[in-house]
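Hi,

Here is the structure I promised to pass on. Have a look at it first, and then read my notes below.

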Amino acid sequence: TTKLGKEFDIQDYLINTENNPEAFFKACVEEDLEMDHSLEGIGEMAKAKGMVQLAKETGLPKQCLYRALSPEGSPKFETIFRISKALKLTIPTHRA
């Protein structure tokens, strides 16, 4: 909840406020030893972009995207690569 008592909506923030999604993703990765938050961050960015649009850009069915980005998902590297490319994200190859 925000200071104004409003429920915080990450998709609204990403769509209307975040001018640098790469910085948002980098913050998720830096705080994440298990990659849970990184995948969650990608999922939130995917929803903000729109799953239909993301499906078109990745060539993956919407159902595949939802399954891969769900909390129970265990996406293949190729899937994450396609999603990150569509979201214009750079996947770090090592931790700083």
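Ala68 is found in helix α5 (helices, H or I with at least four residues, and strands, E with at least two, are DSSP runs numbered from the N terminus). At 9% relative accessibility, Ala68 counts as buried (buried means under 20% relative accessible area, exposed over 50%, and partly exposed in between, with a 1.4 Å probe and protein chains only). Not counting residues up to four places away in sequence, Ala68 touches Gly73, Ser74, Pro75 and Thr79, where contact means heavy atoms within 4.5 Å.

Before going further, the ground rules. This is a predicted model, where local features need pLDDT of at least 70, side-chain atom pairs count only at pLDDT 80 or more, and totals for chains, interfaces and linings use all residues. Residues are numbered from 1 along each chain as its sequence is written, and side-chain values use heavy atoms, with hydrogens and water left out.

Back to Thr79, the partner of Ala68 in helix α6. The C-alpha atoms of these two, 11 residues apart along the chain, are separated by 7.7 Å. Thr79 is buried as well, at 11% relative accessibility. Leaving aside neighbours within four places in sequence, Thr79 is in contact with Leu60 and Ala68.

Now the rest of α6, which covers residues 77-86. Its buried residues are Thr79, Ile80, Ile83, Ser84 and Ala86. Seen down the axis of α6, they fall within an arc of 160 degrees, so they line one face of the helix; the arc is that of the directions from the helix axis to the C-beta atoms. On the other side of α6, Phe77 and Lys85 are exposed. Just after the helix, Lys88 takes a positive phi of about 60 degrees.

Arg82 pairs with Glu78, with the closest N and O atoms 3.0 Å apart. Both lie in α6, four residues apart, about one turn of the helix. Arg82 is partly exposed at 30% relative accessibility, and so is Glu78 at 47%. By this rule the count comes to two salt bridges. Glu57 forms one with Lys49, the closest N and O atoms being 3.4 Å apart. Here Glu57 is partly exposed, with a relative accessible area of 39%, and Lys49 is partly exposed at 31%.

How do α4 and α5 cross? The axes of α4 (residues 51-58) and α5 (residues 62-69) come within 9 Å and cross at roughly 105 degrees. Axes are lines fitted to C-alpha atoms, for helices over the stretch in contact, and angles run from 0 to 180 degrees between N-to-C directions. The two helices are therefore roughly perpendicular to each other (under 35 degrees counts as roughly parallel, over 145 as roughly antiparallel, 65 to 115 as roughly perpendicular and the rest as oblique). Met51, Val52, Leu54, Ala55 and Thr58 in α4 meet Lys62, Leu65, Tyr66 and Leu69 in α5. The residues of this contact divide into seven nonpolar, one polar and one charged.

Finally, the overall picture: the chain has six helices and zero strands. Buried residues make up 33% of its 96 residues. Of the contacts with a separation of 6 or more, 51% are between residues 24 or more positions apart.

Cheers

Conventions
Ala, Val, Leu, Ile, Met, Phe, Trp, Tyr, Cys and Pro count as nonpolar, Asp, Glu, Lys and Arg as charged, and the others, Gly among them, as polar. A salt bridge is a side-chain nitrogen of Lys or Arg within 4 Å of a carboxyl oxygen of Asp or Glu.
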